[in-house]
Amino acid sequence: MIEQAIENRPSLVPEMLWDIDHYKEEGLYFYLETTEDILPNGRVNVTNHGEMIMLGSYSYLGLIRHPKIDAAAKAAVEKYGTGTHGVRLLAGSLVLHNELEERIARFKGTDAAITFSSGYVTNLSTVSSILRRGDTVISDKLNHASIVDGCLLAAAEFSRFRHNDMDQLEKRLAEANPDGRKLVVADAVFSMDGDIINLPEVSRLCKKYGAYLMIDEAHSIGVLGETGHGIEEYFGMPSDTVDIKMGTLSKTIPSAGGYVAGSAELITFLKHQARAFIYSAALPPASAAAAMAAFDVIEEEPWRVKAIQKNYNHFAGRLREAGFDLLYSETAIVPVICGSTPAAATLAKYCRDHGIFVQAVVAPVVPEGLARLRACVSAVHTSEDIDYCVDVIIKGGRELGII
Ligand SMILES: Cc1ncc(COP(=O)(O)O)c(C=O)c1O
């Protein structure tokens with residue numbers, strides 16, 4: 001009887017959304033590859049592939065392996081060891097946690113900041129803890145999954161506007177419950193398309209309708225603005241334009257974790273109400289120290305911010321000139337549109353066969369017909385490597401009839 005019940009159980013795992021076996025059979029599978037070494041100039045050494053030029057990294061300023069950052073992490077381990085005592089509300093904060101939060105607040109021009117153990121839970125927990133029944137959260141349709149999940153978890157009404165469409169945002173603001181609070185939330189730089197939210201207009205509309213504004217700076221810290229301080233600097237807007245300034249410590253900042261910077265009142269609230277802060281352990285000392293040193297490095301080595309802007313212009317300029325559609329990308333994230341899923345997967349394989357680490361991103365992650373190579377340039381790629389990658393992508397694109 002029991003055996004039969006076990007035998008008749010439906011499969012533990014449901015059907016997958018993408019056919020991994022097919023990818024593997026066709027030699028198109030290139031996910032979860034093992035990196036053995038992180039090399040200088042944006043290169044990596046990958047098991048079974050050898051040295052490759054890395055176009056899949058979020059380390060926009062090339063800060064992984066930066067000596068000052070590595071030294072800070074090592075010193076933190078020497079002083080505090082590897083772990084924390086658990087959650088900060090129960091076991092207290094390390095000096096390092098408080099210093100990191102002060103550093104982030106200074107970098108973002110706010111009263112205070114809070115850190116969480118990942119960027120994902122930062123969004124999830126912030127959005128869901130701030131909002132109450134009767135409130136409305138209004139989210140750009142291309143926002144990151146962690147924002148979407150935070151909106152789904154919140155008790156508030158969840159409403160969405162077409163990507164960067166300010167008329168529709170205004171409509172959503174006008175429709176929102178006038179008796180509740182309104183929160184507009186958007187990525188600063190959209191992680192699949194590399195374009196930038198129209199902050200001046202979003203901010204104007206928020207003021208007009210009495211809404212609060214939250215911006216996710218996962219892909220804009222170190223990238224946007226003359227000195228890499230992010231989206232407000234990029235648009236020349238005051239540092240109190242955004243009420244909830246969210247960011248990650250896992251991309252430009254070569255560590256792990258996420259943060260929110262904002263008013264003292266907001267941060268005190270999150271430290272006592274956000275479930276991912278209350279119920280999840282503090283950042284390990286090495287991660288906190290590395291993150292803190294990285295904010296210093298961004299300010300001490302301004303050439304990096306200039307270099308990423310220059311590398312983007314060179315990379316995207318040449319690809320557009322050759323006829324590629326890069327959507328509205330303006331930043332280090334460059335979607336090289338291929339059209340169909342097989343076209344994108346085959347161009348990615350072509351690149352890989354020529355020593356370039358780049359992924360194809362296909363439906364349902366992006367809309368059908370907009371399958372793409374998703375390339376990220378970094379400040380430390382050499383111009384020779386950028387030219388080489390562009391030459392390979394153009395040659396492959398022509399051979400496959402994409403351009
Ligand atoms: C826009 C955006 N927000 C949040 C996250 C989550 O950050 P983390 O990887 O630090 O959890 C990501 C991750 O890619 C992201 O792209």
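**Sheet, ligand shell and domains**

User: How do strands β2 and β3 pair in this model?
Analyst: In this predicted model, strand β2, residues 43-46, runs antiparallel to strand β3, residues 50-54, and four bridges link the two.

User: And which residue of β3 is the bridge partner of Arg43?
Analyst: Arg43 has Ile53 as its bridge partner in β3.

User: Switching to the ligand, how many residues surround it, and which are the closest?
Analyst: The ligand is surrounded by 14 residues, of which the closest are Gly119, Tyr120, His144, Ala218 and Ser250.

User: OK, what about domains, where are the bounds?
Analyst: The domain assignment places 16-54 + 302-399 in domain 1 and 67-300 in domain 2, and the centres of domain 1 and domain 2, taken over C-alpha atoms, are 27 Å apart.

User: How many residues of each are in contact?
Analyst: On the domain 1 side there are 15 residues, in contact with 13 residues of domain 2; α14 (303-321) and β11 (333-339) each supply at least two residues of that domain 1 side, and β11 provides its largest share, three residues.

User: What classes make up that side of domain 1?
Analyst: The side of domain 1 that touches domain 2 has eleven nonpolar residues, together with two polar and two charged ones.

Conventions
Residues numbered from 1 in each chain as written. Predicted model: local features only at pLDDT ≥ 70, side-chain atom pairs only at ≥ 80, totals over all residues. Pairing = 2+ DSSP bridges. Near = placed C-beta within 6 Å. Domains from an automatic or database assignment. Contact = placed C-beta atoms within 7 Å. Nonpolar A, V, L, I, M, F, W, Y, C, P; charged D, E, K, R; others polar.
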